[in-house]
Amino acid sequence: MTSVRLAATLILLTLAACNVSSDFQEPIAEFSAATAKAQTALADLDSNAAKEITALRHADAIAAPPRVNRVEGCTPQANGCIVSLAPDPAGDDQGGPLTVSSIIPTHVQAMREISLYAKSLDDIVKADATGAVKTGLDKASAAAAELASLAGKQYEVAVNAFSVPFNAAATWVFGEYQESIKLHALREATRRMQTVLPDAAAKFGQAADLAHLVAVTRLVDTFGDRQIAFAADASPANLDAYLDAAQRLDVALQVKPSEVFEQLNLAHHELAAALESDDITFGEAILQIDRLVAKVEQLVDIAQDFKKAAAAN
Amino acid sequence: MNGRPTYDEIVRKANTEIAKFEGMIQQASREIDAIIARGAGHLSPDDQAELKRLNQDRKTLTASMRRIALITLEQLDKTDELQQLVASIRAVRADLEERRARIVRFARTAEDLGKTLESVSDLATRIDGIREDVSHLDDPAPKRG
């Protein structure tokens, strides 16, 4: 009876240990999902900007053909063939390939690393090896019982009386151990990331704002054209087109991509602080993560709009 | 350090130029709005021509702003600071991944231990079976007459 009671207590304690993980499972999963979306949005802004710089270089090449004097490879044994524009002697433009697939590949790569980091945080929280440990222990105790039966009846009884509570205890101990190494890993990683993320988020924000500005200037052009068209001919069709352009520009102007990255940093800061505290509470972290999710959704929508518009042109 | 502008310096310079163009675009927009207001729905051919010209000027200004943004983005991406940042982020992630792998490895060890004990038990059962099969050999052999 005593061993049955002990086993039940240990199972309850095992379940209680699992709850520590479930406390941070949701905020970390949401943080990871929002970070992945921010990464996609940055990649979309980059792809749109890459199309713009390609168009700009083509225009420059046609306007100043002598600048198209840099050819890399392009022989039968070469590794590739890239035609580039030489630096502009009259400006800051350092030139570069005439066809660009990514204008900020290092930023995109860095953001991808952050997104993978957030995914790893989530993987750590979800990693649960207690099932595997329990299977191993069950096999071990079954084997021990088998051996005991070979040794004699008296040993079989003793082994069975011992193995049930022992397995539960060992699984519980592992559960506790696992929780502690998970928590340690999360604390250590978020602490280290805190030394890098504020700077990274500020830089990504500045780059994202510039990439966003590229797309916004196009919307201003469209707005201007339609404004003039309506002023010249106040037809219902021209009014609709004018208001549509105004509305698209308005939506784009409401979005400030750098705010998403500031929020990403803030949410991570709160997450790290919550993990550091002895009495883990995620109230503030959840609030900041929710704000991050809302801002990211806006940015994703607008970045996808830009991407679609660029593809249509 | 290496004489090249830092990330922040590049951004600051670009933002100053962008602000200058923003001022000029606002000025062009004000002139456009004034002509439209003056025409009150009936623009003269001269006003229409002037609007087209101003709109074209505004487009030239937005194109310049776009060019600054694009060239700045390219410059920012090539800064040493950014490369260092990627390396630092990658190091944090690699460490985290290693810790996750450790949890999984520990579980595998427990499973392996279980399997090993199972094999030992199998072997013991077999040895016991063999012992029973050959137990009669221990009996004293009948003496030949």
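In this structure, 62 residues of chain A are in contact with 55 residues of chain B, two residues being in contact if their C-beta atoms, placed from the backbone, lie within 7 Å. The model is predicted: local features need pLDDT of at least 70 and side-chain atom pairs count only at pLDDT 80 or more, whereas totals for chains, interfaces and linings use all residues. Residues are numbered from 1 along each chain as its sequence is written, and chains are lettered from A and ligands numbered from 1 in the order in which they are written.

On the side of chain A that touches chain B, the elements that give two or more residues are helix H1 (2-63), helix H2 (105-126), helix H3 (130-151), helix H4 (153-194) and H5 of chain A. Helices (H or I, at least four residues) and strands (E, at least two) are DSSP runs, numbered from the N terminus. H5(A) gives the most to this side, with 17 residues. By residue class, the side of chain A that touches chain B divides into 38 nonpolar, 11 polar and 13 charged residues. Here Ala, Val, Leu, Ile, Met, Phe, Trp, Tyr, Cys and Pro count as nonpolar, Asp, Glu, Lys and Arg as charged, and the others, Gly among them, as polar.

The two chains may now be taken in turn. Chain A has eight helices and three strands, which run α-β-β-β-α-α-α-α-α-α-α from the N terminus on. Of its 313 residues, 39% count as buried; a residue is buried if 20 or more other C-beta atoms lie within 10 Å of its own, exposed if 12 or fewer, and partly exposed in between, with C-beta atoms placed from the backbone. Among contacts in chain A between residues at least 6 apart in sequence, 75% join residues at least 24 apart. Chain B has three helices and zero strands, and buried residues make up 26% of its 145 residues. For chain B, 74% of the contacts between residues at least 6 apart in sequence join residues at least 24 apart.

The strands of chain A form an open sheet of three strands in the order S1-S2-S3, with antiparallel pairing; two strands pair if DSSP finds at least two bridges between them. Strand S1 (70-73) and strand S3 (96-97) of chain A are the edge strands, each pairing on one side only. S1(A) is joined by four bridges to strand S2 (residues 81-85) of chain A, and A:Arg70 stands opposite A:Ser84 in S2(A).

In soluble globular proteins, nonpolar side chains tend to be buried together. A nonpolar core is a set of buried Ala, Val, Leu, Ile, Met, Phe, Trp, Tyr and Cys residues joined through C-beta atoms within 7 Å. The largest such core has 88 residues, of which A:Ala49, A:Tyr117, A:Leu121, A:Ala200 and B:Leu73 touch the most other members. Helix H5 (residues 197-232) of chain A supplies the largest share of this core, 18 residues. A second, separate core of eight residues includes A:Ala129, A:Leu137, A:Ala140 and A:Ala144.

Two residues show these surroundings in detail. Leaving aside neighbours within four places in sequence, A:Tyr117 is in contact with A:Met193, B:Ile89, B:Val92, B:Arg93 and B:Leu96. A:Ala208 lies in helix H5 of chain A and counts as buried because 28 other C-beta atoms lie within 10 Å. Not counting residues up to four places away in sequence, A:Ala208 touches A:Leu42, A:Leu45, A:Pro257, A:Ser258 and A:Phe261.
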